[in-house]
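Hi everyone, thanks for coming. Let's have the model up on the screen, and then I'll walk you through a few parts of it.

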Amino acid sequence: MRPASLRSVYPGPGGFDPKEVKREFPIFTNNPDLIFLDSAASAQKPRAVIDGTADYYRTDYANVHRGVYRLSARSTELYEEARDKVRRFLNATDRREIVFVRNTTEAINLVAQSWGSAFLHEGDEVLISELEHHSNIVPWQLLRDRVGIRLVVAPIDATGGLDLAAFEAYLSPRTRLVALTHIANATGTLVPVERVVALAHRQGAKVLIDGSQAAPRLPIDVQALGCDFYAFTGHKVYGPTGIGVLYGRFELLSAMPPYQGGGEMILRVTFDKTEYQEPPHRFEAGTPDIAGAIGLGLALDFIEGLGRENILEHEEMLTGYGVDRLSHIPGLRLLGAGQRRLGILSFDIDGVHPHDVSQVLDQHCVAVRAGDHCAQPLMDRFGLPGTTRASLGVYNDESDIDRLVAALEAVREMFAR
Amino acid sequence: MIDLRELYQDIILDHGRHPRNFREIEHPTHSAQGYNPLCGDRVTVYLTLEGDRIADVSFKGRGCAISTAAASLMTEVLKGKTTAEARALFAQFHARATGGEPVPDLPEPLAEEMDRLEPLTGVKAYPARVKCATLSWHALEAALKGSGETVKTE
């Protein structure tokens, strides 16, 4: 396979030029008018991922962990190489701690069903927050209905951030797991996960972090965070859909029963009993999304090529610019104002429904998300049916924010009372 | 590019801002709630039937300009109609709003009422918005059936 060529157009220190980066994304060549501000829903794909995945199918494809023939060995090597890339991306100690899944949702369901069913009992508590995406609420409700755990919800404070004092008060010896988002998808609010992990571990609780929005924006170091599980999805880090990652500390993963049964995850099967593989293969039943994993690896190469610190700096700078520009629009209320946020600007325009906002924005070729962002409890908390959400990626620059602001003027004009 | 004013005609903007019959009927003979899980819009339609005739009709809820205007215009055209006439109007409106199979033209004076709904049929160019325009009508249908359940668009 040809190596994913990352040309040296991206200067290391001093950041990168988003206009140069944008040229790496064919979607913008094919849709030259597109102002894409919906990367929090799904990011666009760089040439390296699109072409690299196609190249893999053209030159190296075969099933993995099965064939004796050389092509299968090569395919297996590429698949496992992708696992190594993920390990480095998260700074995990051991490649066996990286489980390939479909997406963040599946990663959380895996923990709930496998670890939750095996180790949680009636009366045990799982502590989440009001900021969570449905994918970090519903799996725990299913577990509650099966096992009888209590699902406890830590509130947000008046400014929309996690209320740490309340969070600490909700922690108790009954808390067995804390499952929190790293960056809230509906508001962009950063959760102080280091602090959360320290508080939770002091009570003996394990910690799962939903890194869906953080993985594309922040350098992630699971050792420094000290978390027990970390989940993220490929399609939000500029990789393919259908591939995601569950990181779990090896000691935990090796004590967990399988999530699904089938091929790939077994050592020995008879009709009486089956011996299971060690992690991560124990949790990867059936033929995996091989090309997806390889594509994810290419996306992580792309991100590392830009520089994670550079991406963080870019997102912080652009988020700040967006907050400033939006704060001058009369009648616009930014959710989570005053909170440290990254990459996501979620707002309400007085008297205009988010669907009407996004319809007018679409007319100006500005693509944003409108609705409840799969966080209905949080919308209920804010007393809103939904919001309009603009979210950023490495290909966005100030001119995109300017176009958003200009289109919002058109919204105000059309719906002015 | 399609002009957005085809979708947001003045009458829609007006009814979206100032919905008519936006109130609860205290003792309705029929009512039902409509819910669009896609956007979280909710509308409750209230009816007072006298015999087979709609003596009063109103709605409450929250939604976008299209769904609010659609509910408002619906209540205006339905007052005084029979339930059969209401169903005939819905069938005609549904066909035009979705761009579906045409149904036979309505007799006067129902055809005139249909003309009042015509501005809303601009949603057919915006598939994601068709449900906004039809939500209140689905709730009306449920209310007339008397099922008392929330109708969902999904």
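Let me start with H12(A) and H15(A), which are roughly parallel to each other, since angles under 35 degrees count as roughly parallel, over 145 as roughly antiparallel, 65 to 115 as roughly perpendicular and the rest as oblique. Before I go on, this is a predicted model, where local features need pLDDT of at least 70 and side-chain atom pairs count only at pLDDT 80 or more, while totals for chains, interfaces and linings use all residues. Residues are numbered from 1 along each chain as its sequence is written, and chains are lettered from A and ligands numbered from 1 in the order in which they are written.

Back to our pair. H12(A) packs against helix H15 (residues 398–415) of chain A at about 20 degrees, with the axes 10 Å apart. Helices here are DSSP runs of H or I with at least four residues, strands are runs of E with at least two, and both are numbered from the N terminus. Axes are lines fitted to C-alpha atoms, for helices over the stretch in contact, and angles run from 0 to 180 degrees between N-to-C directions.

Which residues make this contact? From H12(A) they are Leu318(A), Tyr321(A), Gly322(A) and Arg325(A), and from H15(A) they are Glu398(A), Ile401(A) and Val405(A). By contact I mean that the C-beta atoms, placed from the backbone, lie within 7 Å.

H12(A), residues 308–326, also meets helix H11 (residues 290–306) of chain A: their axes come within 5 Å and cross at roughly 75 degrees. That makes H11(A) roughly perpendicular to H12(A). Ile303(A), Glu304(A) and Leu306(A) of H11(A) take part, along with Arg308(A), Asn310(A) and Ile311(A) of H12(A).

Now a look elsewhere in chain A. Gln113(A) is found in helix H5 (residues 104–119), and the C-alpha atoms of Gln113(A) and Leu318(A) are separated by 39 Å.

Over to chain B, and its strands. Strand E1 (residues 30–36) and strand E2 (residues 41–50) of chain B run antiparallel, joined by seven bridges; two strands pair if DSSP finds at least two bridges between them. Asn36(B) stands opposite Asp41(B), and in the hairpin, with four residues between the strands, Gly40(B) takes a positive phi near 80 degrees.

E2(B) is also antiparallel to strand E3 (residues 53–62) of chain B, with nine bridges. Thr44(B) has Lys60(B) as its bridge partner there. In that hairpin, with two residues between the strands, Gly51(B) has a positive phi near 65 degrees.

Key: Two residues are in contact if their C-beta atoms, placed from the backbone, lie within 7 Å.
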